[in-house]
Every structure is written in structure tokens, then in C-alpha cells.
Amino acid sequence: MMFESTLVEQLRTVRRLVALTGAGVSQESGLRTFRDAQTGLWAQYKPHELASPEAFQRDPKLVWDWYAWRREAVKAVRPNPGHYALVEMEKRVPAFTLITQNVDGLHRMAGSQNLLELHGNIQRVRCADCYTFTEIWGDDSEAVPRCQVCGGLLRPDVVWFGETLPRDQLEAAVLASRACEVFFSIGTSGIVQPAASLGFAAHNRGAVVVEINAEPTPLTPKATFVMHGKSGEILPRLVKAVWG
Ligand SMILES: [Zn+2]
């Protein structure tokens, strides 16, 4: 694959770069998307019946079990070459910010450091009442484990339907996007807000937008460079072309 020389030149001297990733990057690791994951006994539920504060209030055990099942699914997959290419980029760009909408933790597993997880991480568990994080909980098959501090129910530290994004992560994402010189949008359909607005914010402030996705998105008309395909194939080649 050949890359446009202007892109290669730009990346060699870029100081501030933001990369936003979405479900497509996880899918390339073999992880099914939220809706695709609703197979078997989970297929009868609508997404908001498994991933909303109301669902947790109504049937905490159902929601807990759904996330326990998804955590197991993540254990079976590994970061792909796209994840690792972003780690390489971070080593070479002075100010690199990775923003992800994925909750699987694969970027962290690959070794990305300056990472904003906009939608949380299913590997983390916290109290639904007092917000205390915990890494150890009893696996009682009968009931949802409870917080050691206040006795509240434990829940995954992910953003559910109807919940707001973690403010510190979102603010940092907006600031980085406004300040960057190059903005990568990778494997994201560009329709889930507020993440979808970040590429537009970067473009409005004069950043060069690079899109890598299987198909066009609402951001495509604003992108200077558009590459249709798999990030796990395109990103490693790009890193090699620029810094290899
Ligand atoms: Zn608590």
C-alpha cells in the first residue's frame, strides 16, 4: 500500500496527534460488537434492557451476568496489529492522545499510555452507590457482589444508556482534539455522540483529519486523507512508512 507523501511528511514532524478509535478496531481482534454479542440467551433483550441504570435497578443480577459474560469474551481475544501500531505512534509523537469508545481494555493491554476511555472499561468494577473501585469481588452465583465499604451493589465501570460520560475523560478529549495538528478517526462509524463531534472540532481548529474505516462516515467529507480498509493492516504499514 502506498501512502500519500504529504501525509507521510506531515506525520514525521507532527507534535500533537489525537487518535479516536471505535468498535471496528475491536472487531478486528475478533470481538463482537455490543449488538452482535447478544446471542443465545441474551438475544431476547434489547440493549437498554442490559445496559442502563433502569435495567440495573430492575434486575441487577441480569445486568451483572451480562457483563460477566462479556468480560469472559474479552479474555479470549488479544490486541491486533492496529492496537500495537498506535502504541508505536505514541512512542514517536511528542504529544499523543488516544481516545477510545471501546470498553474492552485492549488498548491498555497493548500498552497505550495516554489513553482516554470515554465509555469506561468493563474490566473495572465499582460500587453503584459510593463509586469505590474494587478489583476483588466474590463470585456468588446467586447475587450481585456488594461493596466492601458501603454494602452497595457492584457494577461495571462503563457508561450505560442514559448516563453521561466521565467528565474528566470527555474534557481532556475535547481539549486534545481542539489542540491537535493531526486527528485520526479509526474504526468508528462517527454517529455516537459526543465522540463523533471530536473529529469535527479538530477540523474546525485546522487539524488535518485522517480517516481509516471500512466505509464512509459523516466525517469523511472533512477528512484530508481517507483510507478504506482494516486498521490492523493500514496502521502498521503507515507507521513503517513514516518512521520505519
Ligand atoms: Zn459503596
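Colleague: With which residues is Asn 121 in contact, leaving aside its neighbours within four places in sequence?

Modeller: In this predicted model, the neighbours of Asn 121 within four places in sequence are set aside, and contact means heavy atoms within 4.5 Å. The residues in contact with Asn 121 are then Val 103, Asp 104, Gly 105, Arg 108, Asp 157 and Val 158.

Colleague: Is Asn 121 buried or exposed?

Modeller: Asn 121 is found in strand E4, which spans residues 120-127. The relative accessible area of Asn 121 is 4%. Buried means under 20%, so Asn 121 is buried.

Colleague: Which side chain is joined to that of Asn 121 by a polar contact of 3.0 Å?

Modeller: A polar contact is a pair of N or O atoms within 3.5 Å. The contact in question, at 3.0 Å, joins the side chain of Asn 121 to that of Glu 117.

Colleague: Where does Tyr 131 lie, and what is its phi?

Modeller: Tyr 131 has its place in the loop between E4 and strand E5 (133-134). Tyr 131 is partly exposed, with a relative accessible area of 46%. Although Tyr 131 is not a glycine, its phi is positive, at about 75°.

Colleague: Which residues does Pro 53 contact, apart from its neighbours within four places in sequence?

Modeller: Pro 53 lies in helix H3, residues 53-58. Its relative accessible area is 27%, and Pro 53 is thus partly exposed. Beyond the neighbours within four places in sequence, Pro 53 is in contact with Trp 160, Phe 161 and Glu 163.

Colleague: How many Å apart in space are Pro 53 and Glu 4?

Modeller: In sequence, Pro 53 and Glu 4 are 49 residues apart. In space, taken C-alpha to C-alpha, the separation of Pro 53 and Glu 4 is 47 Å.

Colleague: What is the form of the peptide bond from Gln 193 to Pro 194?

Modeller: Pro 194 is found in the loop between strand E7 (182-186) and helix H8 (195-204). Gln 193 has its place in the loop between E7 and H8 as well. The peptide bond from Gln 193 to Pro 194 has omega near 0°, and its form is cis.

Colleague: Which residue has its backbone nitrogen 3.2 Å from a polar atom of the side chain of Gln 193?

Modeller: Gln 193 is exposed, with a relative accessible area of 51%. A polar atom of its side chain lies 3.2 Å from the backbone nitrogen of Ser 197.

Colleague: How many Å apart in space are Gln 193 and Gln 169?

Modeller: Gln 193 and Gln 169 are 24 residues apart in sequence. From C-alpha to C-alpha, the distance between Gln 193 and Gln 169 is 14 Å.

Colleague: What is the radius of gyration of the chain?

Modeller: The chain has 9 helices and 9 strands. For 244 residues the globule rule gives 18 Å, and the radius of gyration of the chain is close to that value, so the chain is as compact as a globular protein of that length. The radius of gyration is 19 Å.

Colleague: What percentage of the residues in the chain are buried?

Modeller: The accessible surface of the chain comes to about 12,100 Å², with 51% belonging to carbon and sulfur atoms. Of the 244 residues in the chain, the buried part is 51%.

Colleague: How far apart are the mean positions of the positive and negative charges of the chain?

Modeller: The chain has 26 positive and 26 negative charges. The mean positions of these two sets of charges are separated by 4 Å.

Terms used: Residues numbered from 1 in each chain as written. Predicted model: local features only at pLDDT ≥ 70, side-chain atom pairs only at ≥ 80, totals over all residues. Heavy atoms only, no water. Helix = DSSP H or I, 4+ residues; strand = E, 2+ residues; numbered from the N terminus. Rg over C-alpha atoms; globule rule 2.2 N^0.38 Å. Buried < 20%, exposed > 50% of the residue type's maximum accessible area, 1.4 Å probe, protein only. Areas by Shrake-Rupley, 256 points an atom, 1.4 Å probe, with all protein chains shown as cover. Lys, Arg positive; Asp, Glu negative; His and termini not counted. Charge placed at Lys NZ, Arg CZ, Asp CG, Glu CD. Polar contact = N/O pair within 3.5 Å; in protein donor to acceptor, adjacent residues only side chain to side chain.
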